[in-house]
Amino acid sequence: MQLETNRLLLQTLDLQLIEAAAKRDTLAIEALGYKTNGEWPGQDFYEASPYFRELLMKNNGTRGFDSWIMVLKDTREIIGGIGFLGDPGPEGTVEIGFATNESHRRQGYCLEATEQSLNWAENHPEVRRITARCELENNGSKNILTKLGFKVDRTDEEIIYWSYPK
């Protein structure tokens, strides 16, 4: 599954790419048609890769409510990841998350990708609520979520919990 923005391709992960990322195998990632400068996969994705592998296997492939990569159209370089933490729950809630490689931050890529992902999710009738969370000191994520219209639901000692008014 693929989405497109002005500068990016958003591509769902398949098992081959998850396996290559889990091994941090740059040559295998490149053999799948992507470029990487070594920043992707980041630690968060690396730690979550078993979860996304399990989700793909459970669903017999992607339904889109899992992990996507952000790929520069012109170079095919993976510059980050975005996605959802699973299918909508019983109340229709999905959680979105995103991360951009450090070398590609502050260039609007994450905002562009998140906006497109929100549009995609909103077109699924089973999605009635979109949430997000970020660490208190993560000003980049706070700025993106605020620009996109997310509202703070609550805060604890470490995390800010957000919701998107659908």
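Contact means heavy atoms within 4.5 Å of each other. The structure is a predicted model, in which local features need pLDDT of at least 70, side-chain atom pairs count only at pLDDT 80 or more, and totals for chains, interfaces and linings use all residues. Residues are numbered from 1 along each chain as its sequence is written, and side-chain values use heavy atoms, with hydrogens and water left out.

**Exercise 1. Find the neighbours of Ile 18, and state whether Ile 18 is buried or exposed.**

Step 1. Ile 18 lies in helix 1. Helices (H or I, at least four residues) and strands (E, at least two) are DSSP runs, numbered from the N terminus.

Step 2. List the contacts. Leave out residues up to four places away in sequence; Ile 18 then touches Leu 13, Phe 45, Ser 49, Phe 52, Arg 53 and Leu 56.

Step 3. Check the accessibility. Ile 18 has a relative accessible area of 0%, so Ile 18 is buried. The cut-offs are these: buried is under 20% relative accessible area, exposed is over 50%, and partly exposed is in between (1.4 Å probe, protein chains only).

Step 4. Turn to Phe 52, one of those neighbours. Phe 52 belongs to helix 3. At a relative accessible area of 8%, Phe 52 is buried.

**Exercise 2. Describe how helix 1 and helix 3 cross.**

Step 1. Take the axes. Those of helix 1 (residues 15-22) and helix 3 (residues 43-58) come within 10 Å and cross at roughly 155°. Axes are lines fitted to C-alpha atoms, for helices over the stretch in contact, and angles run from 0 to 180 degrees between N-to-C directions.

Step 2. Name the arrangement. That angle makes helix 1 roughly antiparallel to helix 3. Angles under 35 degrees count as roughly parallel, over 145 as roughly antiparallel, 65 to 115 as roughly perpendicular and the rest as oblique.

Step 3. List the residues in contact. Helix 1 supplies Leu 15, Ile 18, Glu 19, Ala 21 and Ala 22. Helix 3 supplies Phe 45, Tyr 46, Ser 49, Phe 52, Arg 53, Leu 56 and Met 57.

Step 4. Sort them. Nine are nonpolar, one is polar and two are charged. Here Ala, Val, Leu, Ile, Met, Phe, Trp, Tyr, Cys and Pro count as nonpolar, Asp, Glu, Lys and Arg as charged, and the others, Gly among them, as polar.

**Exercise 3. Count the salt bridges, and say which parts of the chain two of them join.**

Step 1. Apply the rule. A salt bridge is a side-chain nitrogen of Lys or Arg within 4 Å of a carboxyl oxygen of Asp or Glu. The count comes to seven salt bridges.

Step 2. Take Lys 73 and Glu 4. Their closest N and O atoms are 2.7 Å apart. Lys 73 lies in the loop between strand 3 (67-72) and strand 4 (78-84), and Glu 4 in strand 1 (residues 2-4), so the bridge ties together parts 69 residues apart in sequence. Lys 73 is partly exposed at 30% relative accessibility. Glu 4 is partly exposed too, at 49%.

Step 3. Take Glu 112 and Arg 7. Their closest N and O atoms are 2.8 Å apart. Glu 112 is in helix 4 (residues 109-122) and Arg 7 in the loop between strand 1 and strand 2 (8-12), 105 residues apart. Glu 112 is buried at 15% relative accessibility, whereas Arg 7 is partly exposed at 32%.
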